Amino acid sequence: MLCTRLTNARFLTMDPGHPVAHDLGIWQGRIVGLDEAVTSLPAREVIDLQGATVLPGFIDAHVHLAWTGFKENTPSIAGCTRVDEVLAVVEEAVIRKGTPGAWVSIAGYDQRALGRHLTAAELDTVSHGHKLFLLHDSGHGCVVNSAVLDLLPADLSRDGGFLAEGAMGAARALRLPYSQRELAEAIGRAARTCLAEGVTACAEAGIGGTLVGHSPVELGAYQLAREEGLLPLRVQLMVSADRLHPVAAHEADGIPRSLDLGLRTGFGDDRLSVGALKIFTDGGMMARTAALSSPYEGLDHAGQLQDDPDVLADTIVDGHLAGWQLAVHAIGDRAADLALDALERAQRLRPRPGARHRIEHAGLIRPDQLPRFARLGVSAVVQPNFLRYFGDDYAAIMGEERAPWLYRGRAFLDQGITLVGSSDRPVTDGSPLRAIQFMVERASESGQVIGPDEALTVDEALRAYTVAGAFACHWDDRLGSLTPGRLADLVVLGDDPRRVDPSRIGDIEVVATYVDGRWTGKAAS
């Protein structure tokens, strides 16, 4: 007997062997058959989906759940366009905090809305003895007041109160990390947001590290969230590379650096597991710290690498030798050069053709870099919504020649490179459907078309958020398609993305999600 049979729906299976179905059977959390294989079988529950469209649950291969959850509960200056507006919001948050000398966090900072960066001196006027930390929306910088600057080493680059990359990490390190309870609750809030948008599995893009980690014991917070029922979707955890340290292992093991116990990619189960090793090579375009091979348009610099190039390359090689899948953050083309060079060296030293290394973001990729991705078997994990929301700005700072190379689509597929969709939530909107719409239209919110030759078909864009996401996370034997034997993770949509006008894809209703064959409730509730 089936546990559940879903009927009267249009199942877009993403499986070329049986691309469309009308019935789907579920037993003990797995898909057991389609159409005639299940229509006559008895079932404990038969659900009439009333003509809805059903897809495999979307996979977001690059998110920040804890950060998303905390951001939802943090005072925000998003939408403020004047310095006095910002300072008024900050002062209100300081007054509510009350405790003298305490840290006050503010979300939503983006210098582009103000036309310049805030300064520590300006924040001092409303700090009332508190330590202020305004996190840049990119996650690659912050603005702090003098009470924080006074605690940092004198030689640290501080640019009037704006701290980028490692300097931001130094400021964050001054604070006691969040408790596991606070982290678990934040993770739970973010997970519910993901489910509401049809995401049933995701990869958390960096725990325990200086730049994006929230605690050195962050993995325990995910375990706590799972134990207490706060984790209703599947999560794979990327570990920040700065957690690696030298280990006393046999020379024949070939492992120069590792985590304690030899922990690496693959540990865990279908619900919570350890994924890739996250390695930062550069910053971000919003903060103008992505490392380019030539300067930003209208600026006198080309961004920055996170560390000495040799140090970064050695970290990539050591992670590969230790058996990790690597997720290398490289937004600018100079950073991508470094990543590709190091991955090539790593594969020469110890060939691992099944490693499925990834380049996260791949924001600006030159034409000559594409064949190298393909040759190395490296996946490109892109965030289409970056261009949907920030495309006008990004195109302007790249200039006419480079703008078509931003967050590519078609060029990756034409080279045989696995193209993976993701959000980098909460940096921008996490909706897979809105991202899919951009991948098809290549149009920013203003209507500017960016790199029209990079446009995909709807089927190709859907594949990036299902089949390709599963492949990038080593889940392709259990997720990504509605194939008998795979886990019954589904998203029920109010319309068929392949049949509506592309301009309407992002507005399709997510009616419900199923994880392990269990209805998680109406997504909008």
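**View A. Contacts of Asp-429.** Leaving aside residues up to four places away in sequence, Asp-429 touches Glu-197, Asn-385, Tyr-389, Ser-423 and Arg-434. The view, like those that follow, shows a predicted model. Asp-429 sits in the loop between β21 (419-421) and α14 (432-441). Its relative accessibility is 17%, so Asp-429 counts as buried; the cut-off is under 20%. One is the side chain of Arg-434, in a polar contact of 2.4 Å. The other is the backbone nitrogen of Ser-431, which lies 3.0 Å from a polar atom of the Asp-429 side chain.

**View B. A cis peptide bond at Pro-426.** Arg-425 and Pro-426 are joined by a cis peptide bond. Omega is about 10 degrees. Most peptide bonds are trans. Pro-426 belongs to the loop between β21 and α14. Asp-429, from View A, is placed in the loop between β21 and α14 too.

View C. Helix α1 covers residues 65-72. Six of its eight residues are buried, so the rest of the structure largely encloses α1. The buried residues are Leu-65, Ala-66, Trp-67, Thr-68, Gly-69 and Phe-70. What do they pack against? Three helix and strand partners come from the strands β8 (58-63), β10 (131-136) and β13 (199-207). Strand β14 (234-240) and the helices α7 (180-196) and α8 (218-227) also pack against these buried residues.

**View D. The packing of α1 on α7.** The axes of α1 and α7 are 7 Å apart, at an angle of about 90 degrees. α1 is therefore roughly perpendicular to α7. From α1, the contact uses Leu-65, Ala-66, Thr-68, Gly-69, Phe-70 and Glu-72. From α7, it uses Glu-182, Leu-183, Ala-186, Ile-187, Arg-189, Ala-190, Ala-191, Thr-193 and Cys-194. The residues of this contact divide into nine nonpolar, three polar and three charged.

**View E. The crossing of α9 and α10.** Helix α9 (residues 309-321) packs with helix α10 (residues 333-349) at an angle of about 40 degrees. Their axes are 9 Å apart. The two helices are therefore oblique to each other. The crossing of α9 past α10 is right-handed. On the α9 side are Pro-309, Leu-312, Ala-313, Asp-314, Ile-316, Val-317, His-320 and Leu-321. They meet Leu-338, Ala-339, Ala-342, Leu-343, Arg-345, Ala-346, Gln-347 and Leu-349 in α10. Twelve nonpolar, two polar and two charged residues make up the contact of α9 with α10. An α-helix has 3.6 residues a turn, so residues three or four places apart point the same way.

**View F. Positive phi at Gln-28.** Phi of Gln-28 is near 50 degrees, a positive value in a residue other than glycine. Most residues other than glycine have a negative phi. Gln-28 lies in the loop between β4 (24-27) and β5 (30-34). Buried or exposed? Gln-28 is exposed, with a relative accessible area of 59%.

**View G. Positive phi at Asp-516.** Asp-516 is not a glycine, yet its phi is positive, at about 55 degrees. Asp-516 is found in the loop between β23 (510-515) and β24 (518-522). Its relative accessibility is 16%, and Asp-516 counts as buried.

Note on methods
Residues are numbered from 1 along each chain as its sequence is written. This is a predicted model: local features need pLDDT of at least 70, side-chain atom pairs count only at pLDDT 80 or more; totals for chains, interfaces and linings use all residues. Side-chain values use heavy atoms; hydrogens and water are left out. Helices (H or I, at least four residues) and strands (E, at least two) are DSSP runs, numbered from the N terminus. Buried means under 20% relative accessible area, exposed over 50%, partly exposed in between (1.4 Å probe, protein chains only). A polar contact is a pair of N or O atoms within 3.5 Å; within protein, one must be able to donate a hydrogen and the other to accept it, and residues adjacent in sequence count only if both atoms are side-chain atoms. Contact means heavy atoms within 4.5 Å. Axes are lines fitted to C-alpha atoms, for helices over the stretch in contact, and angles run from 0 to 180 degrees between N-to-C directions. Angles under 35 degrees count as roughly parallel, over 145 as roughly antiparallel, 65 to 115 as roughly perpendicular and the rest as oblique. A crossing is left-handed if the near helix is turned anticlockwise from the far one by less than a right angle, and right-handed if clockwise. Ala, Val, Leu, Ile, Met, Phe, Trp, Tyr, Cys and Pro count as nonpolar, Asp, Glu, Lys and Arg as charged, and the others, Gly among them, as polar.
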